[in-house]
Amino acid sequence: MQHDRPNSPAARDVAYHFHPYTDARAHEEQGPLIITKGAGCTVTDDSGKQYIEGMAGLWCTALGYGQERLIQAAERQLRELAYYHSFAHKVPPSVIELSETLLGIAPGKMGKVAYANSGSEANDTAVKFVWYYNNALGRREKKKIISRKRGYHGITIASGSLTGIPKNHLDFDLPIEGVRHTGCPHYHAEAHAGESEEAFSQRLADELDQLIQDEGPETVAAMIAEPVMGAGGVVIPPAGYWKKVQAVLKKHDVLLIADEVICGFGRTGQMFGCQTFGIEPDMVTCAKALSSAYVPISAIMMRDEIYQAIADNTHKIGTFAHGFTYSGHPVAAAVALETLKIYEEMDIAARARDLSPHLQDGLRAYADHPLVGEVRGVGLIAGVELLADKATRTPFDPVGKVGGYLDARCRDHGVILRNMGDTLAFCPPLVIEPKQIDEIVAAFGRALEETWDWVQ
Ligand code: PLP
């Protein structure tokens with residue numbers, strides 16, 4: 001019956017599209033926000049309303065919208081060689097060039113890089129590499145992976161298990177076997193009364209040490225962690241945390257996988273979060289800003305020693321039986337390569353460092369507001385946490401309702417942010433102008449006042 005078909009884009013979305021990270025029934029009621037255009041650091045919806053993208057999409061469009069060089073890089077590559085793969089010794093030139101460039105800027109001592117299409121796939125792949133590596137070394141028991149409560153590593157079977165957020169496990173039958181979650185380094189939320197940051201870091205490192213000993217170090221292969229936790233609520237590691245954690249991992253011969261999916265490429269004020277926090281990783285995963293999100297691509301980098309052991313094993317077996325159809329897609333590689341060139345020319349990390357006080361000080365001006373429990377951040381990533389009672393650190397009940405209200409008010413004022421529970425996240429494109437940061441901060445302030453009126 002033709003006339004019964006939904007005929008507006010919103011009605012068609014509700015009728016046909018199952019949304020990720022969305023309450024499906026609520027969506028049926030309220031419909032979508034249809035974003036039609038992007039230019040610079042702004043996007044426009046189908047009613048013509050413009051917003052500053054205060055979250056760079058999902059922490060990813062570092063160069064904003066309409067970067068002509070990225071568009072041309074994609075077009076050139078599409079015309080030249082729209083698709084090829086890297087299975088069985090073949091490779092397109094853009095992948096060779098990207099690999100060399102990426103290893104040239106990588107943190108630590110990365111010797112080889114492999115590709116996938118998303119952060120989740122990169123982390124799943126990292127887990128497989130670690131298992132394969134330990135099998136190659138004859139350490140068949142050493143397979144468990146440790147991640148952290150509130151850490152976010154994606155949503156596939158393995159990466160979703162590594163993610164330490166209960167909703168990512170609930171009714172998905174996750175986590176899988178062999179994944180353990182250790183404590184979250186959120187000082188303001190987790191520290192004991194009177195405990196210094198260093199003492200708190202030491203307590204977390206001791207807990208990790210105990211966990212590894214309880215499990216048996218011969219069964220623990222790796223720890224995966226974001227230098228700064230993003231989706232878990234923008235958690236900045238407390239003083240001494242990374243030094244103490246790495247000492248524990250070294251003691252037990254446990255590899256460290258740095259998940260640089262958000263932090264990578266300037267976000268924290270250095271090219272990688274590892275460099276900001278003195279992390280010497282064994283493997284690094286990255287995605288998002290690698291291509292400024294213009295096309296999907298992710299990378300898994302590893303120290304040469306890991307590669308050597310894996311390589312020997314591939315020779316024994318006769319192949320490395322892992323790879324996606326789109327591992328090292330030439331168009332994605334060409335766009336990523338051009339993205340990295342732009343980062344270098346702009347000195348993108350220095351830009352993040354220079355703009356950082358503008359964002360962080362701007363938000364800290366709200367620290368004394370009765371709703372604001374904590375303002376935290378580094379570089380161009382920040383979180384403002386709302387609490388029902390800041391003196392006793394009591395959260396709102398239910399968590400997320402007030403944050404959701406504030407998020408919606410920010411949108412009314414032309415700024416897209418994202419509430420993770422009652423923490424509002426800020427992660428604007430790295431090409432944002434100071435004036436636009438001021439607009440984000442001002443809109444947030446207005447929305448905060450409206451939220452305060454609403455909760456009274
Ligand atoms: N790791 C981190 C730190 C992330 O923030 C994300 C996504 O937000 C992922 C992994 C998963 O990436 P994707 O959504 O591309 O699978």
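**View A. The largest nonpolar core and Met 283.** In this predicted model, the largest nonpolar core holds 130 residues, and among its members Met 283, Ile 300 and Phe 426 touch the most others. Helix α13, spanning residues 330-346, gives the most to this core, with nine residues. A nonpolar core is here a set of buried Ala, Val, Leu, Ile, Met, Phe, Trp, Tyr and Cys residues joined through C-beta atoms within 7 Å; a residue counts as buried if 20 or more other C-beta atoms lie within 10 Å of its own, as exposed if 12 or fewer do, and as partly exposed in between, with C-beta atoms placed from the backbone. Neighbours within four places in sequence aside, Met 283 is in contact with Ala 126, Phe 129, Leu 255, Ile 257, Ile 300, Met 301, Met 302 and Ile 306, where contact requires C-beta atoms, placed from the backbone, to lie within 7 Å. In soluble globular proteins, nonpolar side chains tend to be buried together.

Residues are numbered from 1 along each chain as its sequence is written. Because the model is predicted, local features need pLDDT of at least 70 and side-chain atom pairs count only at pLDDT 80 or more, whereas totals for chains, interfaces and linings use all residues.

**View B. Helices α4 and α13.** Helix α4 (residues 68-80) packs with α13 at an angle of about 150°, their axes being 8 Å apart; axes are lines fitted to C-alpha atoms, for helices over the stretch in contact, and angles run from 0 to 180 degrees between N-to-C directions. The two helices α4 and α13 are therefore roughly antiparallel, since angles over 145 degrees count as roughly antiparallel, under 35 as roughly parallel, 65 to 115 as roughly perpendicular and the rest as oblique. From α4, the contact draws on Arg 69, Leu 70, Ala 73, Ala 74, Arg 76, Gln 77 and Leu 78, and from α13 on Pro 330, Val 331, Ala 334, Val 335, Glu 338, Thr 339 and Ile 342. Helices (H or I, at least four residues) and strands (E, at least two) are DSSP runs, numbered from the N terminus.

**View C. Helices α6 and α12.** The axes of α6 (residues 119-136) and α12 (residues 304-317) come within 9 Å and cross at roughly 70°, and α6 and α12 are therefore roughly perpendicular to each other. Phe 129, Tyr 132, Tyr 133 and Ala 136 of α6 make the contact with Ile 306, Ala 309, Ile 310, Asp 312 and Asn 313 of α12.

**View D. Helices α14 and α16.** Helix α14 (residues 348-364) and helix α16 (residues 434-455) pack at about 15°, with their axes 10 Å apart, and α14 and α16 are therefore roughly parallel. On the α14 side, Leu 355, His 358, Leu 359, Gly 362 and Leu 363 meet Pro 434, Ile 437, Asp 438 and Val 441 of α16.

View E. The loop between α7 (157-162) and β6 (179-182) contains Pro 175, whose peptide bond from Leu 174 is cis, with omega near 5°. Asp 173 lies in the loop between α7 and β6 and has phi near 60°, a positive value in a residue other than glycine; Asp 173 is exposed, with 9 other C-beta atoms within 10 Å. A cis peptide bond also joins Asp 397 to Pro 398, with omega near 0°, and Pro 398 is in the loop between β12 (381-386) and α15 (401-412). Asp 253, in the loop between α10 (241-251) and β8 (255-259), has a positive phi near 55° and is partly exposed, with 13 other C-beta atoms within 10 Å.

How values were computed:
Two residues are in contact if their C-beta atoms, placed from the backbone, lie within 7 Å.
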